[in-house]
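Q: I am new to this protein and would like to learn how its features are read. Could we go through them together?

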Amino acid sequence: MRIGHWKCWWLVVLLLVVLAGCVKMEVQESTSAPGETMPSTESDSVTTPPAGKMYELELTMKGSEALVLEFGQEFRDSGAEAWGWDAASGSEKISVEVQITGTVDSQTLGCYTLTYSASYQGIEKSLQRTVTVVDTTAPVITLVPDPEGSYLLPGEVYQEAGFSATDACDGDLTDWVVVRSDGDRMVYQVADSSGNQTTVYRQLIVDDPIPPVLELDGELEIEIFVGGFWQEPGFSAADNVDGDLTGMVQVSGTVDPNTAGEYVLTYEVVDGFGNVATAQRRVCVKAATPPVVVEPNGKVIYLTFDDGPSEYTERLLKILAKYDVKATFFVINTDYMHLIDDIVAGGHSIALHTKSHRYQKIYASEEAFFEDLYALQDIVYDRSGVMTTLMRFPGGSSNRVSKKYCVGIMSRLIKSVQDRGFVFFDWNVDSDDAGSANTADAVFQNVKDGVKGKQYSVVLQHDTRKYSVEAVEKIILWGLENGYTFLPLDSSSPTCHHSWVAN
Ligand code: ZN
């Protein structure tokens, strides 16, 4: 590149020297003909003309005595003319032939001198014209186009598609082209030996057509049961330019693991050039299939005891054991949880009645209810190893008190506990031991009256009531005498759901 400039400058200097030479020659000539500022016409008398004669010769150059010609342009000499005559006789002028010496080569830069000479009757005259061949035409740079446009990935170095430079005077100047990068364009510059400079640009388009790669961890289709565990399995996004874009991934859609349905999660990430990558995941939250109820053969009494274990539960278990009667305990979290082991060991069914049994708390929301219910399920499981799904709502499914805390919650819970795989039981015989029946006889009487005429009875009692526990032996004896079988509840037992749900 530097060499190129040196070469050019050297040639320029050379040209200037030549031009200076031209001027000098002019000066010399004007010195030899003092008094003539423009030596385009010369007319002189010969020193020794024959007697009676006084010859004169006039030589006139047409056009400028100093011409500048562009390189390669055809030179047309406008020439000169000469006339001779006898001044003494006043004869007519006659045309005299003009000799031209010197040539102009417009294909070679430089200064040329043309000399016009004429001779008449011993008089000789000459004039000179200088023609300077110059180059004022800049070179031409031609860029080879990129086949698919001059696109660059961000940070990518442009791979030159090629170029050439030619100059009318210097010919091929490709090797002298200086190429540099200037932001989003390439700059090509070249100067010819006369210092004529050309600059062209190649506009580059920095573009990233490559979208990020969005990958989902886990399955694209996931099935869980209502109430089951849901957690986003994760995802990652990486981009060729922006790198890790995981933090930029937008997830639209949600999964409610507590409500059956098909959920679609859409993941989207956009890179800095607006390229979008999307992915989808389908999550099917399936409701549990309710077990088929099998009606028992013969006359059956299902004794059920709520709200224990209590200080009376141990006694109750002894009574039941005495007659080998199996019952069902809808337990809450009490100070007698150690009796859970005895209940299970006695072959009874263990069932859930919520951990706190506090209406205000459990019926505040579905979420609160399940939190309480699952907490008890865990306690029972940890103690007994039994993962029971049998349950009863505090107050039964038809309770009205829940309305005070959350309107409509019972209707929703009835569906959602079953969606989550729980089997809930109400009752069709109420001992009223939590109401007005506060003696063993009254409890016994209510149970007896309730059971009569039913093929199967789900009897509500509370083992937190001493008199209710005391009534059990009489109930068993009466039942056995009257052909009833006592069975514990299981998931296929009659549920005796109340039809008069009030909230
Ligand atoms: Zn209860």
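This is a predicted model: local features need pLDDT of at least 70, side-chain atom pairs count only at pLDDT 80 or more; totals for chains, interfaces and linings use all residues.

Q: Which residue follows H8, and what is its phi?

A: Residues are numbered from 1 along each chain as its sequence is written. Helices (H or I, at least four residues) and strands (E, at least two) are DSSP runs, numbered from the N terminus. Here H8 is followed by Gly483, whose phi is positive, near 85°.

Q: What span does H8 reach, and where does H8 bend?

A: The expected span of a helix is 1.5 Å times one less than its number of residues. Helix H8 (residues 466-481), with 16 residues, reaches 24 Å from its first C-alpha to its last, close to the expected 22 Å. A bend at a residue is the angle between axes fitted to the seven residues ending there and the seven starting there, and H8 bends by about 25° at Val472.

Q: Which residues of H8 are buried?

A: A residue is buried if 20 or more other C-beta atoms, placed from the backbone, lie within 10 Å of its own. An α-helix has 3.6 residues a turn, so residues three or four places apart point the same way. In H8 the buried residues are Ser468, Val469, Ala471, Val472, Ile475, Ile476 and Gly479, and what covers them includes helix H2 (313-322) and strand E30 (456-462).

Q: What percentage of the protein chain is buried?

A: Of its 503 residues, 31% are buried.

Note on methods
A residue is buried if 20 or more other C-beta atoms lie within 10 Å of its own, exposed if 12 or fewer, and partly exposed in between; C-beta atoms are placed from the backbone. Two residues are in contact if their C-beta atoms, placed from the backbone, lie within 7 Å.
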